[in-house]
2 protein chains.
Amino acid sequence: MKFILTDTDPQSKARAGIIKTDHGDIETPIFMPVGTAGSVKAVHQRELTYDVKAQIILGNTYHLYLRPGLDVLEKVGGLHKFNGWSKPILTDSGGYQVFSLAGTRKITEEGVVFKSHIDGSKHIFSPEGVMDIQRTIGADIIMAFDECTPYPCEFGYARNSMEMTHRWLKRCIERFDQTEGKYGYSQTLFPIVQGSVFKDLRKQSAEFIASCEREGNAIGGLSVGEPAEMMYEMTDMVTDILPKDKPRYLMGVGTPANILEGIALGVDMFDCVMPTRNARNGMLFTSEGIINIRNEKWKDDFSPIDTGINSYVSSFYSKAYLRHLTIAKEILAAQIASIHNLAFYLWLVGQAREKIKSGEFSTWKDQMVKKVSTRL
Amino acid sequence: MKFILTDTDPQSKARAGIIKTDHGDIETPIFMPVGTAGSVKAVHQRELTYDVKAQIILGNTYHLYLRPGLDVLEKVGGLHKFNGWSKPILTDSGGYQVFSLAGTRKITEEGVVFKSHIDGSKHIFSPEGVMDIQRTIGADIIMAFDECTPYPCEFGYARNSMEMTHRWLKRCIERFDQTEGKYGYSQTLFPIVQGSVFKDLRKQSAEFIASCEREGNAIGGLSVGEPAEMMYEMTDMVTDILPKDKPRYLMGVGTPANILEGIALGVDMFDCVMPTRNARNGMLFTSEGIINIRNEKWKDDFSPIDTGINSYVSSFYSKAYLRHLTIAKEILAAQIASIHNLAFYLWLVGQAREKIKSGEFSTWKDQMVKKVSTRL
């Protein structure tokens, strides 16, 4: 993997660049649709390419490890071959999912013992094991095994957790560097900054992560319920420390406004379930603002969903038709809304990239944050 | 509407033709995907056109009347404008749905009083009302309001019901002929042969329907639980009576084998929820036979779903990936399986049409019935 920083905004920390992988280039800043179990929910791979214009998607280690399982993934030659998505893939480490299984998991220095949510079977995730699993899944970008602390979180817990995450990172790096990709293309490992909402912990963690000198770095443990201002403050501190010549990934963020603010703070990569999950609940993000498509006001609004983002699906279907499908619980509602929301997110980061390149990012961003946060 | 009969099979009653409508031509024999509430479940309109290669789809009067409602449909200019499907549409009369609401409906000579399954509100469907509703929905082909008798059914009930269906038909025709299409294109009314599984009733009904001299005729009340042989026997009798120069529509049929046998008996049009409903349960119809995609045997079968039918989706995704999506309850499973099954049904009737044209239908049909009924 190689990162080329091409442009920087004069009035903020926003930057544009290109991440080069063996599965193609990623133009940053970028949003990565989440494909937990090997499918971006309700969206065909062809639609991801041509309608959403996704450049990289996520997979989830925990889910893919349990289903379809590593035997299937190794036999077919990795996730790209399995699901037919030939562009880059990033995998979550599965730590977030495993830690969420409160009551059925046990954390030790060695790793986490947990029970499958599917059949109750017992498994262990260790830093080494999770590297091996992600090697087998075949992601282009592999995430370190970390603990994502909840919010709020006691200082002592956050410090101990961060220190364990750092010790685990050393083990991740050692294992990753001793192994090779299984399918002939190169993979890279991103470490993750933790430290909850404590400035000194975030500083300490960012310095440690920077010192590891990997090809890209991530910021975890944010967007877990803390106020947005706190998230921005932590991100701002951390991007001051993380190296400028490596891509920075703010995990699990966020709303369109969060993403624009993140870009202004020097973040290059984002992922979030919000565009697809909210789509399934009838919430649309558009270039004019936020729509609850279930509202009566859209009943006879036969105008297209959003003509502002140059997406076929968003221009083809009307608000009234999508409202009808949503209320009638038709599967097509989830399909249309998911494609639209993702196309909007990709359009938004694409616009941000253009504005960074033309030097107009900061002014545009302030206007856009207001617009995309308006409820129509 | 105009029907041009172009070819007849020398060894069976199979025929090929073209139905010309203001929304384009339909090449027969044809299968019509069911889009109950204005959407063929889990399939985009673009996919219906380019992947499924559908030439006409169904809508349902009962469902569309309740949701989105006639006010919305009239305001937008009909169902084609509402859902963006610009090829022909046929609407069920809603009779089948209304009669299924046992306990909440009351049948009189005037019509049927029923309660909405959505909010319990009270409505009445009469022959005249149902014509007006279908005029407003804007279907190219409108179905008469009939009673579809259940199976088994007492002779007396079947006779009385058939006689009422005939009286209702007269009222349908009178109302239809006194009114005009609302959106500038022409609509046509198909009467429906009833009579359960009683030969003399079927004969009587077919003769009455034929005497009405409409532009096309339908056979209803079959595929409701009776043995397939009985359905074929009734169909055979009825197609001997219905005029040769009008298209014949066998309602709600059926399996791939049922459709091939129906074509051999002189039927031109079919519809059924089976390809989409069964798709959502993991049952695939392929050119090699029937697949239960949940079976362990497909776990690591990375071959495409079906390369025999010239469909992008069926060639792009593997059986193993579709199995994984089905078991993981991913929405994409329903999407892929629905497109595939519909593409298969359209491929099958397209093949039948070619074989009729080349004079090889009967031999091919016998082989194909075995093949498509095989469980893989």
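Leaving aside neighbours within four places in sequence, A:Glu226 touches A:Tyr151, A:Val197 and A:Met231, where contact means heavy atoms within 4.5 Å. This is a predicted model, in which local features need pLDDT of at least 70, side-chain atom pairs count only at pLDDT 80 or more, and totals for chains, interfaces and linings use all residues. Residues are numbered from 1 along each chain as its sequence is written, chains are lettered from A and ligands numbered from 1 in the order in which they are written, and side-chain values use heavy atoms, leaving out hydrogens and water.

Let's stay with A:Glu226 for a moment. You will find A:Glu226 in the loop that links strand 13 (217-219) and helix 8 (228-241) of chain A. Helices (H or I, at least four residues) and strands (E, at least two) are DSSP runs, numbered from the N terminus. A:Glu226 is buried but has no salt bridge; buried means under 20% relative accessible area with a 1.4 Å probe, protein chains only, and a salt bridge needs a side-chain nitrogen of Lys or Arg within 4 Å of a carboxyl oxygen of Asp or Glu. The nearest side chain of opposite charge is A:Arg202, 7.1 Å away.

| Backbone nitrogen | Side chain | Distance |
|---|---|---|
| A:Ser223 | A:Glu226 | 2.6 Å |
| A:Val224 | A:Glu226 | 2.9 Å |

Now for chain B. Here 3 strands form an open antiparallel sheet in the order 7-8-9; strands pair if DSSP finds at least two bridges between them. Strand 8 (residues 112-115) and strand 9 of chain B pair over 4 bridges, and B:Lys115 stands opposite B:Lys122 in strand 9.

How values were computed: Buried means under 20% relative accessible area, exposed over 50%, partly exposed in between (1.4 Å probe, protein chains only). Lys and Arg count as positive and Asp and Glu as negative; His and the chain ends are not counted. A polar contact is a pair of N or O atoms within 3.5 Å; within protein, one must be able to donate a hydrogen and the other to accept it, and residues adjacent in sequence count only if both atoms are side-chain atoms.
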